[in-house]
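Colleague: Could you take me closely through one part of this model, the packing of its helices, and say along the way what lies around that part? Please give the cut-off for each term when you use it.

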Amino acid sequence: MPEPVFNSPTTDLRVVACPHCDLLQRLPALAAGEAARCPRCDKELWRRREDPLERTLALAIAAAILYVVANTVPMLGLSAVGHHASTTLFGGARHLWDDGQEIVAVLVLFTAVVAPALQIGSMLAIVVGARRPCPPSWVGTLLRHHPRTATWSMIEVMILGVLVALIKIADYASVNAGLALFALGALVVLLAAMQSAFDPREVWARVEWADAAARSAVERAARDAAAEVPS
């Protein structure tokens, strides 16, 4: 099996390419809360978060607790002509499947149950792995795929659809919002806060390199450059 061939990284890790206009530039030293913008297209390149790993971990744990609550207690209760029924989020998808709406059922299940679970679970794994003294390479793999889970997580769209349905059937039945509906509303806010507190650049700076020799050369060059700066 042939040996893998790696590119040579730049010795200055502050050099980045703007993802919007491809302009190469050097990131300045930023304090917590400050942001660097591209001088050509004025898009934000990086915002330095304050304590990103600890805050993201706390928010991810809270989101995991709310996710469990939202999927284990009733979301809605309906009362009409002496009959009462309630359902959970997963039960709603199953009822759609039983009613012949297979495609809608799969979409609801994936975007409101599976994708949020993957988003929270991958974030927990990334943050816990990044807090280790030497984060393993699988942290980088999860980091590359995590944005896809956030893209497909659409709890807010599902809540909006439920609210529209509640307004339409309010004249025909008594509708009671369950604890899960409030948990889902809080979960939407927590997921947005979790993504806002997370700093992928902080994690990439810790992840183990595939080419350890290149990392040693970069670190040695950085130390030499720092030693040449006059005090």
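Modeller: Glu-202 is partly exposed, at 25% relative accessibility (buried means under 20% relative accessible area, exposed over 50%, and partly exposed in between, with a 1.4 Å probe and protein chains only). This is a predicted model, in which local features need pLDDT of at least 70 and side-chain atom pairs count only at pLDDT 80 or more, while totals for chains, interfaces and linings use all residues. Residues are numbered from 1 along each chain as its sequence is written, and side-chain values use heavy atoms, with hydrogens and water left out.

The partner of Glu-202 is Arg-206: the two form a salt bridge, and their closest N and O atoms are 3.1 Å apart (a salt bridge is a side-chain nitrogen of Lys or Arg within 4 Å of a carboxyl oxygen of Asp or Glu). Arg-206 is also partly exposed, with a relative accessible area of 33%.

Now the helices. Helix 3 spans residues 102–130 and helix 6 spans residues 179–197 (helices, H or I with at least four residues, and strands, E with at least two, are DSSP runs numbered from the N terminus). Two packed helices are described by the angle and the distance between their axes. Here the axes of helix 3 and helix 6 come within 12 Å and cross at roughly 40°. On the helix 3 side, Gln-119, Ile-120 and Met-123 make the contact; on the helix 6 side, Leu-187, Leu-191, Met-194 and Gln-195 do so (contact means heavy atoms within 4.5 Å). Axes are lines fitted to C-alpha atoms, for helices over the stretch in contact, and angles run from 0 to 180 degrees between N-to-C directions.

What else touches Gln-119? Part of the reply is His-146, which is in contact with Gln-119, Ser-122, Met-123, Ile-126 and Gln-195, leaving aside its neighbours within four places in sequence. His-146 belongs to helix 4, residues 138–152, and is buried, with a relative accessible area of 3%. The other part is Thr-149, which sits in helix 4 and is buried at a relative accessible area of 13%. With neighbours within four places in sequence again left aside, Thr-149 contacts Ala-115, Leu-118, Gln-119 and Ser-122.

Helix 2 (residues 89–98) comes next, with Leu-89, Gly-91 and Ala-93 as its buried residues. Which elements cover those buried residues? Helix 3 and helix 6 are among them, along with helix 1 (52–70), strand 6 and helix 5 (155–169). Just after helix 2, Gly-100 takes a positive phi of about 90°.

Strands of a sheet pair through backbone hydrogen bonds, either parallel or antiparallel. This sheet is open, with three strands in the order 6-5-7 and antiparallel pairing (two strands pair if DSSP finds at least two bridges between them). Strand 6 (83–87) and strand 7 (174–177) are the edges, each pairing on one side only. On average, neighbouring strands of the sheet are turned by 15° against each other, direction ignored. Strand 5, residues 76–80, pairs with strand 6 over five bridges in the antiparallel sense. Gly-77 has Ser-86 as its bridge partner in strand 6.

Ala-31 is partly exposed, at 41% relative accessibility. Its C-alpha atom is 6.7 Å from that of Arg-48, which is 17 residues apart from Ala-31 along the chain. Gly-33 lies in the loop between strand 2 and strand 3 as well and is partly exposed, with a relative accessible area of 46%. The C-alpha atoms of Gly-33 and Arg-49 are separated by 5.6 Å, although the two residues are 16 residues apart along the chain. Leaving aside neighbours within four places in sequence, Gly-33 contacts Arg-47 and Arg-48.

Arg-47 in turn forms a salt bridge with Glu-44, the closest N and O atoms being 3.0 Å apart. Arg-47 counts as partly exposed at 31% relative accessibility, and Glu-44 as partly exposed at 33%. Another salt bridge joins the side chains of Glu-50 and Arg-55, at 4.0 Å from N to O; Arg-55 is partly exposed, with a relative accessible area of 45%. The structure holds five salt bridges.
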